[in-house]
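Work through the following exercises with the sequence and the structure side by side, and try each task before you read its solution.

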Amino acid sequence: MAVIKKSAGDHIFDFINAVFMCFMIVITLYPFIYVVMASLSVPKLFLAHTGLLLRPVGFSLESYEAVLRNPNIKIGYVNTVFIVVVGTLCNVIATAIGAYVLSRKGPFWKGPLMFIIVITMFVGGGLVPNYILIQNLGLYNSLWSLILPGLISTHNMIVMRTAFQGIPESLEESARIDGANDWTILFKVIIPLAIPTMAVISLFYAVSHWNSWFSAMIYLKDKTKYPLQLVLREIIVQSQVSDMTTMDSYMDRYAVSQTVKYATIMVATIPILCVYPFLQKYFVKGVMIGAIKG
Amino acid sequence: MEFTEKQKGRKHMAAKSLSPAGTRKKGVGAMLKRDFMKYKGIYALAVPVLAYFIIFKYIPMYGITIAFKNYVPTKGIFGSDWVGFEHFMRFFKSVYFKRTVLNTLIISVYDVIFGFPAPIIFALLLNEVKNNIFKRTIQTITYLPHFISTVVIAGMIIDFTSQNGLINNIIALFGGERTDMLMRPEMFRGIYIISGIWQGVGWGSIIYLSALSSIDQEQYEAAYIDGANRWQQAINVTLPGIMPTITILFILKIGGLMSVGSEKILLLYSPVTYETADIISTFIYRKGLLDMDYSFSTAVGLFNSIINIILLSTANALSRKVNETSLW
């Protein structure tokens with residue numbers, strides 16, 4: 001292999017590139033740093049402060065106290081955890097069943113079935129027909145309206161199908177000779193051999209559930225059923241912070257309402273930030289698998 | 001021995017359905033029954049899956065017919081009266097038609113011009129970083145915004161662009177004038193696109209990075225021996241190497257031109273900025289779910305879908321002619 005020598009121009013380029021990358025790091029991280037610093041600041045001082053924040057102005061946990069005092073946050077967390085856990089479980093099982101059906105040598109209508117399913121990736125009912133359907137199914141105002149409509153993501157199912165197809169048929173055949181039916185084969189043979197793919201797909205579904213808010217907004221009426229993102233929306237997008245501010249003076253209340261928003265963002269994002277570094281490589285692999293298939 | 005024309009496996013199951021030559025029943029019904037006997041398990045498992053797709057994907061598609069009717073919930077989809085293209089005409093003639101279509105197109109075009117190349121350029125530059133630890137750090141950090149929920153991103157944007165927010169602070173530092181940026185229609189698209197790039201450039205580069213890593217190293221060496229400098233290598237080796245990937249993703253982007261991501265816009269826009277921020281999707285939402293103008297909103301949605309299909313097919317066909325790469 002020939003050694004490629006670097007010219008002066010190359011070194012300059014490398015230097016500028018490195019500077020640029022540092023700039024990217026800073027510009028990606030700084031908004032988060034700002035949020036952290038603001039959330040830990042004393043509200044009145046924060047209000048008066050103009051400029052960049054590299055550390056909290058003053059130090060106060062009162063914003064966090066206000067956030068945690070808010071019952072809606074807890075409700076939101078509980079609901080979201082339910083949706084993420086139960087929803088992802090349902091997603092994965094349903095997707096696995098679908099992927100299994102499409103991956104086995106099977107009925108003669110397998111080809112057309114595949115076509116019917118893939119079409120749904122490009123064409124859909126639209127907002128109103130889906131809304132009407134949910135109402136007609138009696139799912140309005142139920143948490144299941146957030147789980148069932150998106151039960152199987154065609155894209156994820158195709159990725160899983162590819163993984164299942166990679167498992168040698170001989171394993172399936174020997175299981176069948178031992179008397180296993182399809183259900184058993186799926187859960188005892190196929191899935192255990194495709195654990196990496198299962199993990200990645202589960203993560204995709206879980207993150208999607210964690211971040212979703214729009215379906216909840218249109219299908220849920222009771223505030224007690226609101227998932228976390230919807231609660232967040234009220235607080236940080238619509239600035240409805242009155243539940244959390246208990247001071248008397250208007251100025252005090254206004255000041256806290258600003259820092260409280262940042263504290264709320266932190267409270268909602270910390271789980272993702274904690275989990276993310278560990279799962280990052282799984283996500284990246286997932287994108288690659290999906291891409292290759294695509 | 002009995003085999004169906006298409007399937008070959010499962011010899012032991014086939015043995016069970018042995019029957020004398022010539023007595024094999026013909027017809028779809030019999031074929032179905034034979035198939036079912038062979039693949040009972042698959043049939044059983046396929047039923048719920050098919051049910052899901054029919055209920056949650058195809059029934060709503062049937063529901064699109066209300067675009068041609070005057071849907072009244074009490075009458076149901078079947079019972080509502082037929083009105084043909086009335087809703088479509090109403091949309092085309094309305095003041096909103098030009099605004100929403102224009103906004104959707106403009107935001108999409110900006111997205112294609114600025115948002116599409118950004119991950120590619122980033123991937124190309126990232127690929128030049130030789131220090132692996134540095135590279136991985138950059139990747140870990142820049143992938144992060146992708147996982148932050150839209151609500152949080154919107155919340156951050158709202159705070160940062162407010163009169164006394166971070167961005168205005170920076171502007172003031174440089175002597176500029178403070179302004180509530182989300183109240184200015186002319187700034188909306190910029191905010192939308194730039195925040196989109198901020199959130200997606202890292203994650204979007206993954207697919208290009210993997211395409212870059214699959215380019216044969218020898219091609220670079222050959223180019224170097226031919227006297228190409230780094231820039232020329234990039235143009236003649238790198239770009240052609242990832243062109244298939246770029247093309248496919250570009251087609252998909254064009255196909256989604258008219259269905260610009262509405263969640264973020266919904267969170268960021270307000271009546272003050274409707275003139276530049278209101279797109280077809282947000283219009284459908286307001287008319288359909290807030291005003292409960294079901295049929296009208298569905299008609300607009302159908303219009304949107306059809307345009308998307310046309311765009312997707314056109315982009316695909318063009319790409320096939322020019323590049324020999326296409327989705328189908």
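**Exercise 1. Determine the handedness and the orientation of the crossing of H6(B) and H11(B).**

Solution. The crossing of H6(B) and H11(B) is right-handed, a crossing being right-handed if the near helix is turned clockwise from the far one by less than a right angle, and left-handed if anticlockwise. Helices here (H or I, at least four residues) and strands (E, at least two) are DSSP runs, numbered from the N terminus. The model is predicted, local features need pLDDT of at least 70, side-chain atom pairs count only at pLDDT 80 or more, and totals for chains, interfaces and linings use all residues. Residues are numbered from 1 along each chain as its sequence is written, while chains are lettered from A and ligands numbered from 1 in the order in which they are written.

Next, take the angle: H6 (residues 95-115) and H11 (residues 185-213) of chain B pack at about 40°, with axes 10 Å apart, where axes are lines fitted to C-alpha atoms, for helices over the stretch in contact, and angles run from 0 to 180 degrees between N-to-C directions. Angles under 35 degrees count as roughly parallel, over 145 as roughly antiparallel, 65 to 115 as roughly perpendicular and the rest as oblique; H6(B) and H11(B) are therefore oblique to each other.

**Exercise 2. Which residues make the contact of H6(B) with H11(B), and how do they divide by class?**

Solution. Two residues are in contact if their C-beta atoms, placed from the backbone, lie within 7 Å. H6(B) contributes Ile106(B), Ile107(B), Tyr110(B), Asp111(B), Phe114(B) and Gly115(B), and H11(B) contributes Arg189(B), Tyr192(B), Ile193(B), Gly196(B) and Ile197(B). By class, the contact has 7 nonpolar, 2 polar and 2 charged residues; Ala, Val, Leu, Ile, Met, Phe, Trp, Tyr, Cys and Pro count as nonpolar, Asp, Glu, Lys and Arg as charged, and the others, Gly among them, as polar.

**Exercise 3. Is Met292(B) buried or exposed?**

Solution. Begin with its place, which is the loop between helix H16 (280-290) and helix H17 (294-323) of chain B. Phi of Met292(B) is near 55°, a positive value in a residue other than glycine. A residue is buried if 20 or more other C-beta atoms, placed from the backbone, lie within 10 Å of its own, exposed if 12 or fewer, and partly exposed in between. Met292(B) has 12 C-beta neighbours inside 10 Å, and so counts as exposed.
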